[in-house]
Amino acid sequence: MIYNKLGKTGLEVSRLGFGTMRLPTFNSNDEINTEEASKMLEYGIEKGINLIDTAYPYHSKTLEGSGNSESFVGEFLAENNLRDEVYISTKSPSWAIESEDDFEMYLDEQLEKLQTDYIDIYLLHSLTVPDWYKVKDLNVLDFLDDCLSSGKVKHVGFSSHIEVDYLIEIIDEYPKWEVVLTQMNYLDEYYQSGIMGLEYLKEMNIGSMIMEPLRGGRLVQNIPGEINDLWNMAEVKRTPVEWALQYLWNRDDVDCVLSGMTSLEQVKQNIEIASTIDKISEYDRELIREVARTYRGFIGNRCTRCGYCMPCPQGVDIINCLTEYNIAHMLGDPKASAMQYFTLIDDDSRADSCVQCMECIPFCTQMLNIPEELQKVYEYFGSEFDHF
Ligand code: SF4
Ligand code: SF4
């Protein structure tokens with residue numbers, strides 16, 4: 001295993017972190033196959049993974065309720081006497097916070113589930129811009145100060161899918177942020193905070209943890225023929241997983257890549273890749289860019305995310321509605337995109353809030369009939385998440 005310093009935390013973390021949102025399950029998302037999942041964690045830790053990432057809602061029945069991932073991790077570490085061998089990263093459910101007292105209430109519940117007195121890395125989970133303003137008004141920064149001084153939490157940060165301007169705004173408001181968990185893979189360099197966000201983290205010496213390195217598995221499953229043809233042109237032959245992971249580990253602004261693994265086979269495969277230094281040549285880097293361009297050719301509409309159509313008087317988040325629809329077509333994975341669509345876009349900002357007033361149409365730089373496109377989005381995703 002290869003280890004990196006996680007920004008100013010000073011922690012030496014394995015460059016592969018164990019994500020626990022996609023553990024093997026039985027019939028439903030909340031029924032973790034603990035026997036199989038335990039074998040995976042045991043193997044991972046034995047081979048040098050020292051960061052386990054979980055969150056309050058992982059492996060819950062719904063998207064946002066209390067999940068079983070934290071309890072499983074807590075039980076596994078306690079039973080095997082491994083708590084001090086790993087760093088635990090978990091997250092405060094920022095969307096669920098309604099009062100100042102809620103911060104502490106969730107943290108205490110999480111400590112109990114995890115069977116520990118402290119959390120190494122505590123992140124505000126999936127901060128949207130409205131949630132950031134909400135938790136700030138509820139004095140979240142005082143709460144984080146208290147967590148750090150009491151020792152319940154060793155390092156604080158946030159996870160987010162926001163655009164780079166907001167990422168920078170949030171980082172600049174609190175000098176004690178030490179870690180940010182952000183989405184990155186070779187398709188997403190200019191999506192959400194993208195590479196500009198990573199560069200800013202590096203500049204501020206904030207540890208970077210990466211989510212969605214395989215785009216929920218879509219970069220490595222059912223690869224279209226055009227993409228396989230491109231990979232066959234590479235100077236060094238790699239598997240799709242190797243391309244995706246080594247792309248990230250070739251960046252000096254990536255500290256730890258979280259992979260949500262579902263089988264022991266995946267754990268073994270990822271550990272082997274994480275233990276190999278594989279410098280990608282300039283030719284192969286250009287090939288990765290060509291693969292990304294080809295994937296983008298499969299999109300469902302021409303929205304460039306320029307933002308000229310916003311704001312919509314009804315509050316529809318036109319850009320992200322169209323983007324998630326595009327991603328679903330590009331990667332052929334409705335479930336993963338639906339999860340993003342329903343978690344990242346507020347109830348009132350989804351496609352079904354469009355009243356077809358037509359006001360946005362003249363502003364579209366791509367001449368899209370936006371309400372018609374939103375209707376397609378609505379027909380595709382529906383009005384509620386029912387993909388579990
Ligand atoms: S047509 Fe729909 S998206 Fe466009 S401005 Fe009107 S309500 Fe908003
Ligand atoms: S103006 Fe058109 S291309 Fe630009 S974000 Fe809006 S829908 Fe997309």
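Q: What volume does the second largest pocket have?
A: In this predicted model, the second largest pocket holds about 630 Å³ of space.

Q: Which residues are closest to the centre of that pocket?
A: V129, I162, E163, Y166 and N320 are the closest to the centre, out of 25 residues that line the second largest pocket.

Q: And which helices supply at least two residues of the lining?
A: Four helices are to be named here: helix 4 (129–137), helix 6 (164–172), helix 7 (194–203) and helix 12 (318–331) each supply at least two residues of the lining of the second largest pocket.

Q: How does the lining divide by class?
A: The lining of the second largest pocket comprises 12 nonpolar, 7 polar and 6 charged residues.

Q: Turning to the ligands, which residues surround ligand 1?
A: Ligand 1 is surrounded by C312, P313, Q314, I318, C354, V355, Q356, C357, M358, C360, P371 and L374. By class, this shell around ligand 1 has 10 nonpolar residues, 2 polar residues and no charged ones.

Q: What about ligand 2, how many residues surround it?
A: Ligand 2 is surrounded by 13 residues, and the closest are C303, C306, G307, C309 and C364. The shell around ligand 2 divides into 8 nonpolar, 4 polar and 1 charged residues.

Q: Changing topic to the strands: how many strands does the closed barrel have, and is the pairing parallel or antiparallel?
A: The closed barrel has 8 strands, in the order 3-4-5-6-7-8-9-10, and the pairing is parallel. From one strand to the next, the twist averages 30°.

Q: Over how many bridges do strand 3 and strand 10 pair?
A: Strand 3 (residues 16–19) pairs with strand 10 (residues 256–260) over 4 bridges, in the parallel sense. Within this pairing, F18 is placed opposite S259 of strand 10.

Q: Now the backbone. Is the peptide bond from M310 to P311 cis or trans?
A: The bond from M310 to P311 is cis, and its omega is near 0°. P311 is placed in the loop between helix 11 (282–296) and helix 12.

Q: And N139, is its phi positive or negative?
A: Phi of N139 is positive, near 60°, in a residue other than glycine. N139 belongs to the loop between helix 4 and helix 5 (140–150).

Definitions and conventions: Residues are numbered from 1 along each chain as its sequence is written. Chains are lettered from A and ligands numbered from 1 in the order in which they are written. This is a predicted model: local features need pLDDT of at least 70, side-chain atom pairs count only at pLDDT 80 or more; totals for chains, interfaces and linings use all residues. Side-chain values use heavy atoms; hydrogens and water are left out. On a 1 Å grid over the protein atoms alone, a cavity is a set of points where a 1.4 Å probe fits but cannot get out, and a pocket is an open set with protein on both sides within 12 Å along at least five of seven lines; lining residues have an atom within 4 Å of a point. Grid points are joined across faces, edges and corners, and a volume is the space filled by probe spheres set on the points. Ala, Val, Leu, Ile, Met, Phe, Trp, Tyr, Cys and Pro count as nonpolar, Asp, Glu, Lys and Arg as charged, and the others, Gly among them, as polar. A residue is near a molecule or strand if one of its heavy atoms lies within 4 Å of it. Two strands pair if DSSP finds at least two bridges between them. Axes are lines fitted to C-alpha atoms, for helices over the stretch in contact, and angles run from 0 to 180 degrees between N-to-C directions.
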